[in-house]
Amino acid sequence: MPTVLGLSGSLRAGSLNSSLLRAAAQAMPTGVTLEIGSIKGIPLYDGDVEATEGIPHTVAALKERIVATDGLLLVTPEYNNSLPGAFKNAIDWLSRPPPDIPRVFGKRPVAVIGASPGGFGTLLSQTAWLPVLKTLGTAAYFGSRLQVSRATDVFDGHGALVDARIREQLQKFLAGFCEFVLESRRRDRNSGA
Ligand SMILES: Cc1cc2nc3c(=O)[nH]c(=O)nc-3n(C[C@H](O)[C@H](O)[C@H](O)COP(=O)(O)O)c2cc1C
């Protein structure tokens, strides 16, 4: 079964972005599963730790989860008109050591969505991810956008998606992204990759 791994860039329990990720798992098109991963427990990147102890266990395990799936969905908050440090830190660790980047990220279908209480729904954060995705050699998905604005009205107090319009947008976005993932998978299989 084709699988996408989803990561929320927020660590807090009541996260709007984690709520959006859970809603995405429920809104996937038939035939594709969304697995929910986590960046929790990933330490701050420290080159000395890497040199003496290697890649932390949490990072190594998450790398293998990415490799085992067919696509990656990043659900990003926006901090100070850019991407959140904790999420970037996780991706930075996941990009180590550099010779492993093609295996983990190379040509991997990646989509970015996000939610914020403000009016622009993580537009600037999503844009700030673009150079990172390019640098890692991913196949970034540009088929459509999903910026969930005024997100405190979109999810209820338990984190359930209660806005029918956003549910429809989410389903449409995921259908397009999953088609992109499946196309990439077919190409890889045909090329024997
Ligand atoms: C340090 C910091 C900076 C923020 N900057 C922005 C911002 O630039 N744009 C925005 O829409 N929201 C901003 N916010 C508000 C976040 O969008 C809001 O806290 C959101 O709920 C975070 O995502 P989460 O609910 O998934 O944790 C900021 C929040 C913090 C803590």
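A salt bridge is taken here as a side-chain nitrogen of Lys or Arg within 4 Å of a carboxyl oxygen of Asp or Glu. The structure is a predicted model, in which local features need pLDDT of at least 70 and side-chain atom pairs count only at pLDDT 80 or more, while totals for chains, interfaces and linings use all residues. Residues are numbered from 1 along each chain as its sequence is written, and side-chain values use heavy atoms, with hydrogens and water left out.

By this rule there are eight salt bridges, among them one between E64 and R103, whose N to O distance is 2.7 Å. This pair links distant parts of the chain, since E64 belongs to helix α3 and R103 to helix α5, 39 residues apart; helices (H or I, at least four residues) and strands (E, at least two) are DSSP runs numbered from the N terminus. E64, at 39% relative accessibility, is partly exposed, and R103, at 37%, is partly exposed as well, where buried means under 20% relative accessible area, exposed over 50%, and partly exposed in between (1.4 Å probe, protein chains only).

K63 pairs with D100, their closest N and O atoms lying 2.8 Å apart. K63 sits in helix α3 (residues 57–68) and D100 in the loop between α4 (85–94) and α5 (101–104), 37 residues apart. K63 is buried at 4% relative accessible area, and D100 is buried at 19%. Together, K63, E64, D100 and R103 are linked in a network of salt bridges.

A further salt bridge joins D70 and R185, with the closest N and O atoms 3.3 Å apart. Because D70 lies in the loop between α3 and β3 (71–75) and R185 in helix α7 (residues 164–190), the pair ties together parts that are 115 residues apart in sequence. Both D70 and R185 are buried.
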